[in-house]
Amino acid sequence: MLDQPQFGRRLKRLRTARGLSQADVVGDGMSTGHLSRLESGGRRPTERTVAYLARRLGVDASALTGPQDDGSLSGVLAAVVSAPPGTDSTAALDRAVADDPGADQSL
């Protein structure tokens, strides 16, 4: 079973780390309203939804559902490394460094 709101936070973090809007992610297969409810924790995702979103984000489904601390600097770095070429992830990296109390601020 996929837990909310953790799934939604992870989904949003992966999307924003890639510099994608909700419309960029949903394509023709989903409404932005549905994605918004998933990200806010208002809807529980189905396995089919997870597979679709993983394909759209270019990640394995486990990136959305597997155990990980996606708020950590290492989690954001993993998302940035797997982002499509040309994606500007500077803002996501800046937030991750600022939010990580153990991070070297000179990074």
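This is a predicted model: local features need pLDDT of at least 70, side-chain atom pairs count only at pLDDT 80 or more; totals for chains, interfaces and linings use all residues.
The points below go from the overall picture to the helix packing, the core and a few individual residues.

**The overall picture**

- Reading from the N terminus, the elements follow the order α-α-α-α-α-α-α.
- The accessible surface of the protein is about 6200 Å², and carbon and sulfur atoms account for 50% of that surface.
- Take the contacts between residues at least 6 apart in sequence: 63% of them join residues at least 24 apart.

**Where α1 meets α3**

- Two packed helices are described by the angle between their axes and the distance between the axes.
- Helix α1 (residues 6–17) packs against helix α3 (residues 32–40) at an angle of about 120°, and their axes are 6 Å apart.
- On the α1 side, the contact is made by F7, G8, R9, L11, K12 and R15, while α3 brings L35, L38 and E39.
- Sorted by class, the residues of this contact are four nonpolar, one polar and four charged.

**The salt bridge**

- Side chains of opposite charge can pair when their charged atoms come close.
- The structure holds one salt bridge.
- Its partners are E39 and R15, whose closest N and O atoms are 2.7 Å apart.
- This pair links distant parts of the chain, with E39 in helix α3 and R15 in helix α1, 24 residues apart.

**The nonpolar core**

- In soluble globular proteins, nonpolar side chains tend to be buried together.
- The largest nonpolar core here has 16 residues, and the members that touch the most others are F7, L11, M30, L35, L53, L57 and L64.
- Five helices each supply at least two residues of this core: α1, α2 (22–26), α3, α4 (47–57) and α5 (62–65).
- Helix α4 gives the largest share of the core, with five residues.

**A closer look at α4**

- Which residues of α4 are buried? They are T49, V50, Y52, L53, A54 and L57.
- The cover over these buried residues of α4 includes α1, α2, α3 and α5.
- Just after α4 comes G58, which takes a positive phi of about 75°.

**M30, between α2 and α3**

- M30 sits in the loop between α2 and α3.
- Why does M30 count as buried? Its relative accessible area is 14%, and the cut-off for buried is under 20%.
- Apart from neighbours within four places in sequence, M30 is in contact with L35, L38, T49, Y52 and L53.
- M30 and L53 are 23 residues apart in sequence, with 9.3 Å between them in space, C-alpha to C-alpha.

**H34, in α3**

- H34 has its place in helix α3.
- H34 counts as buried because its relative accessibility is 16%, where buried means under 20%.
- Once neighbours within four places in sequence are set aside, H34 is in contact with R43 and T49.

- R44 lies in the loop between α3 and α4, and R44 is partly exposed, with a relative accessible area of 42%.
- R44 and P5 are 39 residues apart in sequence, while their C-alpha atoms are 8.6 Å apart in space.
- G86 is in the loop between α6 (73–81) and α7 (90–99).
- With a relative accessibility of 84%, G86 counts as exposed.
- G86 and G19 are 67 residues apart along the chain, and 9.7 Å separates their C-alpha atoms.

Terms used:
Residues are numbered from 1 along each chain as its sequence is written. Side-chain values use heavy atoms; hydrogens and water are left out. Axes are lines fitted to C-alpha atoms, for helices over the stretch in contact, and angles run from 0 to 180 degrees between N-to-C directions. Helices (H or I, at least four residues) and strands (E, at least two) are DSSP runs, numbered from the N terminus. Contact means heavy atoms within 4.5 Å. Ala, Val, Leu, Ile, Met, Phe, Trp, Tyr, Cys and Pro count as nonpolar, Asp, Glu, Lys and Arg as charged, and the others, Gly among them, as polar. Buried means under 20% relative accessible area, exposed over 50%, partly exposed in between (1.4 Å probe, protein chains only). A nonpolar core is a set of buried Ala, Val, Leu, Ile, Met, Phe, Trp, Tyr and Cys residues joined through side-chain atoms within 4.5 Å. A salt bridge is a side-chain nitrogen of Lys or Arg within 4 Å of a carboxyl oxygen of Asp or Glu. Accessible areas come from the Shrake-Rupley method with a 1.4 Å probe; for residues, only the protein chains shown count as cover.
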